[in-house]
Amino acid sequence: MTIKVTFPDGAAREYPRGTTGTTVVEGISKSLAKKTIAMRWNGVVSDLSDALDADGKIEFVTRDSGSKDALELIRHDAAHVLAEAVQELWPDTQVTIGPVIENGFYYDFFRKAGPFTEDELRVIEKKMSEIIDRGAAFTKEVWTRDQAKDFFRAKGEEFKVELVDAIPADQSLKMYKQGQWIDLCRGPHMRTVKDVGQAFKLTKVAGAYWRGDSNRPVLSRIYGTAFATKEQLDAYLVMVEEAEKRDHRKIGQDLDLFHFQAEAQGSVFWHPRGFTIYNQMEAYIRRRLNSSGYVEVKTPQLMHAKFWEQSGHWGKYRENMFVVPDVVPNTDEEGPVFEDVGDLLALKPMNCPAHVQIFNQGIKSYRDLPLRMAEFGCCHRNEAHGALHGLMRVRQMTQDDAHIFCREDQIQSETEHFVHLLYSVYGHLGFDNVVIKLATRPEKFGGTIERWDAAEKALGDALRATGYDFEIAEGEGAFYAPKLEFHLKDAIGRSWQVGTLQLDYVLPERLNATYVAEDGSRQFAVMLHRAILGSLERFIGILIENHAGKMPVWLAPTQVVVATIVSEADEYGQKLVNQLRAVGIRAELDTRNEKINYKVREHSVQKVPLMFVVGKREAEEGTVSVRRLGTEGQQVMPSMEAIVSLLTEATPPDLKDKAQAA
């Protein structure tokens, strides 16, 4: 009995049923076989040793391809090597789980002697290197549950026994050996531990509750990372070091921009300097939206639970919503009583259902479309405390949210319009490296395949019309429709998924968002959910880290400090500050009795872009000495010339473009 195996170039060959991936690749090329570490069989990454029992498509995963599959395999196997190393060094240590995560991997351990130390990481690394050099092969066995539980129980591995019990009954139980060491794992793995290579590093130790439950034992979590080459690892470690210097939380504290505190988990306390940046960003986006045909609205934060039931969020998203009783507080000992949804309200986690309510007020005609509706909507999401991360992940956020209600024949043109706007905004904000991903139909989806095909074609055609390259994210679309994701790279090479455009047929139908078509019939509008920044909080965090706190002049909280050298220049300094503020420049005056070098250093630490230094001579001649952050020396020029020059530099980029076009 034979099967047909189809290769990426479309060619196909027949093989005996049960042929392994190893046999297939070795039959093609010995050199390719040496590079190959796994295969993608019918879209699923699998062990090369797996038997092929039906017709299908095969792709080979090579170690040095730089692919996501290859990197995840290297890191997955590195986690197994870590666990083996720990148990060789401390045999009484219990291993639990060790997944691949973004930028690396971790493994959780239970050690009676207590958590691991940073010094012990170097010892573990040395042992890992020895294990990799041994080059033991990964071999897979399928065990019964009782067999696995007896094995782990005999070793005193009670955490593994619990994991075996948690595996669904319809899933096979796989055990992977590497030499004498064995672990419970779903797989897949590379051929041998030698394929991990020596480009790895253990990065830190942390505590973690077993299964995330604070009532369970505390485990010792060891984090690490691994790459295909030493050069890639070194570049990553340099980036991490630079990222630590740029941590927006530390910069935010040093520059007095914002703070967080336990009494308002996940919500930002904006200080005056930070709120200046926030307001400048909001004003900039508002101008861009106004000039691009958007109308701005404002919708309630608290809305009835029945409303969220109708939209579908109550059933699918309730655990992430803040729910409050719709009652008047009283002093009764028993307190308020509510029994069903009719007594509940929820803080909105997103703006889209409320925008549909505005769209539904009055009858809409096909001539009214597209309708581009925007809101700086304050939303709340009940994120776990442990997931919160400064401005990057909060519970209260303000989105630069907008929804485009359009006809189906307008999807392509509206997508083009949005993509051009987004690229213009990112360019103004200093991000020129943008990757677009078109996320296509997932395995489970709503609607018809014909509608999906049409929607994917419309989005793809729109992207091709813009001239921007894009990638296909196969199967990563939303349940209701395909979407576009916009990933940008910052100054140190990190990628951030920020902008998005999601095509939605479902919500307009659930909430009855219709318009009168040209033939007089009622049709459901198509809804495009779109954001450029995502949330102001997160994007400002990205900007702070991208610029290491040295914001562009138009965004800087203080754009210039006028610093006097002698008291005789104080009056002249105040006059300059008054002139600067009169033309909209954010200026401060420093007349303290300190040496000028001290003032320069202090304001440089505060990332003030410019200083106008004035002494007795400058006061007499009507000049200023201009010092620019990050440069040596100074430039003396007439005060009005310096003000005009600064005014030009401090003009937001959209207004600068508008002035140049006039």
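Me: Which strands does helix α18 lie across, and at what angle does α18 run to β31?
Reply: Happy to start there, and bear in mind that this is a predicted model. Helix α18 covers residues 596-605.

Me: Which strands stand at the edges of the open sheet of 5 strands?
Reply: Let's read along the sheet, whose order is β32-β31-β33-β34-β35, with mixed pairing. An edge strand here has a single partner strand, so one side of it is left without a neighbour in the sheet. That applies to β32 (587-590) and β35.

Me: In β35, what is the bridge partner of V626?
Reply: F612 has V626 in β34 as its bridge partner. β34 in turn pairs with β35 in the antiparallel sense, over 4 bridges. There, the partner of V626 is Q635.

Me: Which residue in the turn between β34 and β35 has a positive phi?
Reply: These two strands form a hairpin, with 6 residues between them. The turn includes a residue whose phi is about 90°, and that residue is G630.

Me: Why are the buried residues of α20 on the same side of the helix?
Reply: Good one! Helix α20 spans residues 639-649, and its buried residues are S639, A642, I643 and L646. They sit on the same side because, around the axis, they cover an arc of only 100°.

Me: What covers those buried residues of α20?
Reply: Both helix and strand elements take part. The cover includes helix α17 (570-582). Also included are the strands β31 (560-564), β33 (610-614), β34 (623-628) and β35 (635-638).

Definitions and conventions. Residues numbered from 1 in each chain as written. Predicted model: local features only at pLDDT ≥ 70, side-chain atom pairs only at ≥ 80, totals over all residues. Heavy atoms only, no water. Buried < 20%, exposed > 50% of the residue type's maximum accessible area, 1.4 Å probe, protein only. Arc of directions from axis to C-beta. Contact = heavy atoms within 4.5 Å. Pairing = 2+ DSSP bridges. Axes fitted to C-alpha atoms, helices over the stretch in contact; angles between N-to-C directions.
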